[in-house]
Amino acid sequence: MGIRHRVHPPVIVCGLALTISRFYDWTIAVSDKPLGLGMIGLGTVGRGVAGLLRDEGALYAERCGRSLELRHVCVRDVEKAKASGAVDSEIVSDAMDGMLNDPAVDVVVEVAGGLDPVGAYVEQALKAGKHVVTANKALLAARGAELFALAREHGDAIAFEASCG
């Protein structure tokens, strides 16, 4: 796998400052293999994340020690997401199974917001062995203890960023 670097909070990934929970020793391996990303949601925030991955990919690869590759995007309205042109239409779906069952997806980025069905999707991602990144304060407030316990049980990490105005 190459050299391993310990990541200290905050970590910059996908243009979001991520706070890594103190319960995890999360490391990123320097590798030629891209870090595979799946994303839940392609609204305003999701389109912004996709744009940053596209436009700043070389910078993220330099910072992370490997490239980041968006492999799946799960949305409610597939046609609307495809029409946005924000991502390759071939990676857009309304089914989580493809993302969860793809061993090339290492991290699920949740940018859909809300509690349902997003909470169930995050739970499924953790059970499937995927790390999760979210800015969903409502979800973490309502189910944070449960989701962090589930992440620990499966050896995963939940990274999050929140802001208050």
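## A first question

Is Glu69 buried, partly exposed or exposed? Glu69 is partly exposed, at 35% relative accessibility (buried means under 20% relative accessible area, exposed over 50%, partly exposed in between, with a 1.4 Å probe and protein chains only). Its side chain meets that of Arg71 in a salt bridge, 3.4 Å from N to O (a side-chain nitrogen of Lys or Arg within 4 Å of a carboxyl oxygen of Asp or Glu). Arg71 itself is buried, at 19%.

## About the model

This is a predicted model, where local features need pLDDT of at least 70 and side-chain atom pairs count only at pLDDT 80 or more, while totals for chains, interfaces and linings use all residues. Residues are numbered from 1 along each chain as its sequence is written, and side-chain values use heavy atoms, leaving out hydrogens and water.

## Helix H5

Let's turn to helix H5, residues 118-127 (helices, H or I, have at least four residues and strands, E, at least two; both are DSSP runs numbered from the N terminus). Its buried residues are Val118, Gly119, Val122, Ala125 and Leu126. They cover an arc of only 125° around the axis, so they sit on the same side of H5 (the arc is that of the directions from the helix axis to the C-beta atoms).

Lys127 forms a salt bridge with Glu123, with the closest N and O atoms 3.0 Å apart. Both lie in H5, four residues apart, about one turn of the helix. Lys127 is partly exposed, at 48%.
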